[in-house]
Amino acid sequence: MSTLRVDNLRGQTADGTNRYVVQVVQHTGTSTNTTTSSSFVDTTCTGAITPLYSTSKILITVSGGMEGSAGGGTTETSEWKLFRGSTQVESSTHGKRIYLAANYYVPLHSVFLDSPSTTSSTTYTLKMKRAGGSGTVSWNRDGTQTWTLTLQEIAQ
């Protein structure tokens, strides 16, 4: 009988490069965040990864949803952005906008690619704000949904 033992196996990907997924870290939660602020505030959708290589990229996937409650009108506008520490990951000026009808849950799913250039623990956080209307906007509705933040280190 033969025994095959492999301590470390790395091959080339289909395009002939050494790009591969080094690690995957997933954070989930059911907590709700609500705000009336017109400035970005942290949500509980946050998670950390410690890259093994400073040249790696981090593929970030965010899944969850938002809901608005009408204040003086029938809709609210919410904006959200993803941050690495205090640095905005995405390049949009205003963030991602969602127009929310009162008490209507809008699922969201977004993917970002970041180059943190570090091997130190790196924390990613979703931030949100009310961008229009006079009511509230909520991340993860009433706590009955689950949000997911997935961080994948891709070697370069």
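Me: Lys 127 has 18% relative accessibility; is Lys 127 buried or exposed in this predicted model?
Reply: Buried means under 20% relative accessible area, and exposed means over 50%. This is a predicted model. Lys 127 comes to 18%, so Lys 127 counts as buried.

Me: Which residue does Lys 127 meet in a salt bridge?
Reply: Lys 127 lies in strand E9. Its partner lies in strand E3, 85 residues apart from Lys 127. The N to O distance is 3.3 Å, and the partner is Asp 42.

Me: Why does the pair of Glu 79 and Lys 129 tie together parts that are 50 residues apart in sequence?
Reply: The side chains of Glu 79 and Lys 129 meet in a salt bridge, at 3.8 Å from N to O. Glu 79 is buried at 1% relative accessibility. Lys 129 is buried too, at 17%. The pair ties these parts together because Glu 79 lies in strand E5 and Lys 129 in strand E9.

Me: What is the N to O distance between Arg 84 and Asp 114?
Reply: Arg 84 sits in strand E5 and Asp 114 in strand E8, so this pair joins parts 30 residues apart in sequence. Asp 114 is buried, with a relative accessible area of 6%. The two side chains meet in a salt bridge, and the N to O distance is 2.6 Å.

Me: In which strand is confidence highest?
Reply: The protein chain averages a pLDDT of 85. Strand E7 has the lowest confidence, at a mean of 75. The highest is 96, in strand E11.

Technical notes: Residues numbered from 1 in each chain as written. Predicted model: local features only at pLDDT ≥ 70, side-chain atom pairs only at ≥ 80, totals over all residues. Heavy atoms only, no water. pLDDT = per-residue confidence, 0-100. Helix = DSSP H or I, 4+ residues; strand = E, 2+ residues; numbered from the N terminus. Salt bridge = Lys/Arg side-chain N within 4 Å of Asp/Glu carboxyl O. Buried < 20%, exposed > 50% of the residue type's maximum accessible area, 1.4 Å probe, protein only.
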